[in-house]
Amino acid sequence: MMKAQGTIWLIVPAAGRGTRMGATQPKQYLPLAGRPVLAHTLERLCQAYPEACLCLCLDARDSWFDTAWVPYDDWRRVDGGDERSDSVMQALEAIADDADDDDLVIVHDAARPCVSHSDLLHLKTVLTQDPIGALLAAPVADTMKRADDHSRIRYTESRERLWHALTPQGFRYRLLYEALQYVLRSGVPITDEASAVEALGYSPQLVVGRRDNLKITHPDDLVMAELVLAAQASSSRQPGSALT
Ligand SMILES: Nc1ccn([C@@H]2O[C@H](COP(=O)(O)OP(=O)(O)OP(=O)(O)O)[C@@H](O)[C@H]2O)c(=O)n1
Ligand SMILES: C[C@](O)(CO)[C@H](O)COP(=O)(O)O
């Protein structure tokens, strides 16, 4: 893999098992509008970040993956770990000899195939200017309830300044490496890269992203994702419209 100055590393964690989906294969391989979820995700990423160096995290025992779904010429496969954060850390370790401390690392879930071109470009622009890092996110729109153990409301949470964390999430290589190393060693439970960086005392930037950048988690998310892809394709065919 050739490395240019100011390289953008693109880490795609795709080593999950999709327990909540409950399908016979991991959700990143389930068909969505005729192609596997992972193929959609990689295509969108490559259209927006063609210059990036891709690190794809896959389960070492994966028997579903097909290299034909990877639109990048230059890419590497990395074994995933037990948790998503372990998979991302494995990728950071794998590129350690080639990455500079200030290189941008962008992490995007394989399970988010509807991310839009315009959001990907906007986030990259923000990332080039933000010293800490940034992530796509959506302000919470619903009224939020905190429940007890019996699904009865304990109280209503204020939704003021409450956001859904999406991906991509991007940080400079050294900061992300040190943040993940810290949380993994100290056992702080995290579900995204921003949480690791927060644990070091930093405040990544929330960049408003589209609400249709959904993460395929449960079976009905596949139905929603198909509708989203169809709607996006239709709007991108409208005269004068840019790519979604
Ligand atoms: N050990 C893991 C766990 C998750 N992921 C990836 O991280 C993304 C988001 O994780 P999630 O939606 O939780 O996926 P799963 O772990 O597959 O789902 P579940 O929790 O239902 O098993 C997915 O693209 C998934 O493949 C990963 O690379 N390595
Ligand atoms: C990283 C992420 O996509 C942000 O929403 C998400 O946290 C990963 O999913 P999980 O279901 O919380 O593991």
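Which strands does helix α4 lie across, and at about what angle does the helix run to β10? I began with this point, noting that the model is a predicted one. I found that α4, residues 173-186, lies across β1, β6 and β10. Its direction is at about 120° to that of β10.

**Entry: the sheet**

I next traced the sheet to which these strands belong. I recorded an open sheet of 7 strands with mixed pairing, in the order β5-β4-β1-β6-β10-β7-β11. I noted β5 and β11 (205-208) at the edges; each has a single partner strand, so one side of each is left without a neighbour in the sheet. On average, I found neighbouring strands turned by 25° against each other, direction ignored.

I then looked up individual pairings. In general, strands of a sheet pair through backbone hydrogen bonds, in either a parallel or an antiparallel sense. For β1 and β4 I noted parallel pairing over 6 bridges, with W9 opposite C53 of β4. On its other pairing, β4 runs parallel to β5 (residues 75-79) and is joined to β5 by 5 bridges; here L58 stands opposite D79. By contrast, I recorded β6 (residues 104-107) as antiparallel to β10 over 4 bridges, where V107 has Q169 as its bridge partner.

**Entry: strand β4**

Is β4 mostly covered or uncovered? I found it mostly covered, with 6 of its 6 residues (53-58) buried. I then checked which way the residues point. C53, C55 and C57 point one way from β4, while L54, L56 and L58 point the other way. I related this to the general rule that side chains in a regular strand alternate between the two faces of the sheet.

**Entry: ligand 1**

Which residues come nearest to ligand 1? Of the 23 residues around this ligand, I listed P13, A15, G16, T19 and R20 as nearest. I noted that β1 (8-14) and α2 (84-94) each supply at least two residues of the shell. By class, I recorded 7 nonpolar, 8 polar and 8 charged residues around ligand 1.

**Entry: ligand 2**

I then turned to ligand 2 and found R84, D109, A165, L166, T167, T191, D192 and K215 around it. Strand β10 (residues 163-172) gives the largest share of this shell, 3 residues. I counted the classes around ligand 2 as 2 nonpolar, 2 polar and 4 charged.

**Entry: strands noted again**

Notes. Residues are numbered from 1 along each chain as its sequence is written. Chains are lettered from A and ligands numbered from 1 in the order in which they are written. This is a predicted model: local features need pLDDT of at least 70, side-chain atom pairs count only at pLDDT 80 or more; totals for chains, interfaces and linings use all residues. A residue is near a molecule or strand if its C-beta atom, placed from the backbone, lies within 6 Å of it. Ala, Val, Leu, Ile, Met, Phe, Trp, Tyr, Cys and Pro count as nonpolar, Asp, Glu, Lys and Arg as charged, and the others, Gly among them, as polar. A residue is buried if 20 or more other C-beta atoms lie within 10 Å of its own, exposed if 12 or fewer, and partly exposed in between; C-beta atoms are placed from the backbone. Two strands pair if DSSP finds at least two bridges between them. Axes are lines fitted to C-alpha atoms, for helices over the stretch in contact, and angles run from 0 to 180 degrees between N-to-C directions. Two residues are in contact if their C-beta atoms, placed from the backbone, lie within 7 Å.
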